[in-house]
Amino acid sequence: MNVLIKTPEEIEKMRVAGRLAANVLEMIEPYIKAGVSTGELDAICHKYIVEEQQAIPAPLNYHGFPKSICTSVNHVICHGIPDDAKQLKKGDIINIDITVIKDGYHGDTSKMFYVGEPSILARRLTEFTKEALYAAIALVKPGARISEIGQVIEEMAKKERFSIVQEYCGHGIGSGFHEDPQILHYNGYTSHTDLVLEPGMCFTIEPMINAGKRHCKQLNDGWTVVTKDHSLTAQWEHTLLVTHTGVEALTRRNEENF
Ligand code: MF3
Ligand code: CO
Ligand code: CO
């Protein structure tokens, strides 16, 4: 395991990259309506990242990923590929996951959007997943253990009888897209779970929560991950910096007040 402690200069670059990634989510919101295709959302984000932000969309060509953002609708857990033929319809829920590289450093964040009015279950699952992310963020401070993150999310999910995806986790982030350590969103054990947080560490928390069973499967496109039972699923993600006193959410949006 090689968990990097970022220097003050690197932290400043992480702040810039994080803010740009958050700005993409703020920019795309008004375009998310019934009838728009996920391919169009990708094209708008790509143009904004490249031309306005003069940054690089990290997913594009990452291990062969074909697009600039991930768009994951309804029962798609993560890594949905934007598609010109996939139009959003009223009642859909969609996760948009943005990662930008600016000046060599990554900012990685995602949020859920409603297309029109969501079902009662879709809203409950989506709001729950956001609150689980926020509860996990609130635990981040020097001296805390990584295992506390998965523990709090699992405790919360049990009460709602939602399940937690185990195959994908949060990750260290910096000049690399996916660095050590791994951040589990459930109460599990890896060689990283006992790691004690220190100022200067940067990582993501990005819980994926299912309304049904936790199991997932990957489609034949080699990317799209769906719930095996086709139940609804939600995800929210922030890039975080451990500070001397606690935590700074580098991808915080204006609508968020923590
Ligand atoms: N942004 C995703 C994450 O949170 C990774 C997407 S990899 C891609 O880690 F290739 F699918 F884009
Ligand atoms: Co991530
Ligand atoms: Co992401």
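## A first look at the helix, the cores and the cobalt site

Helix α1 has these buried residues: I11, M14, A17, G18, L20, A21, A22, V24, L25, M27 and I28. Here buried means under 20% relative accessible area, exposed over 50%, and partly exposed in between (1.4 Å probe, protein chains only). Helices (H or I, at least four residues) and strands (E, at least two) are DSSP runs, numbered from the N terminus.

A word on the model: it is predicted, so local features need pLDDT of at least 70 and side-chain atom pairs count only at pLDDT 80 or more, while totals for chains, interfaces and linings use all residues. Residues are numbered from 1 along each chain as its sequence is written, chains are lettered from A and ligands numbered from 1 in the order in which they are written, and side-chain values use heavy atoms, leaving out hydrogens and water.

The buried residues of α1 pack against α2 (38–52), β4 (93–102), β5 (105–114), β9 and β14.

Now to the nonpolar cores, which are sets of buried Ala, Val, Leu, Ile, Met, Phe, Trp, Tyr and Cys residues joined through side-chain atoms within 4.5 Å. The largest has 33 residues, and V140, I149, I153, L197, F203 and I205 have the most contacts inside it. Two or more residues come from each of α3 (120–138), α4 (147–160), β9 (202–205) and β14 (238–242), with α3 giving the largest share, 7 residues. A second, separate core of 21 residues includes L20, M27, L41 and V73.

Leaving aside neighbours within four places in sequence, F203 is in contact (heavy atoms within 4.5 Å) with residues including V140, I149, L197 and L240.

What coordinates the cobalt ion (ligand 3)? Its donors, meaning N, O and S atoms within 2.8 Å of the metal (3.2 Å for Na, K and Ca), come from D97, D108 and E237, at 2.1 to 2.3 Å. Water is not among the atoms, so sites may look incomplete. The cobalt ion (ligand 2) is 3.3 Å from the cobalt ion (ligand 3), and D108 coordinates both. D108 lies in strand β5 and E237 in the loop between β13 (233–235) and β14, so the pair ties together parts that are 129 residues apart in sequence.

Two of these residues are buried:

| Residue | Relative accessible area |
|---|---|
| D108 | 3% |
| E237 | 1% |

Finally, an open sheet of 3 strands runs in the order β6-β10-β13, with antiparallel pairing; two strands pair if DSSP finds at least two bridges between them. Its edge strands, β6 (163–164) and β13, each pair on one side only.
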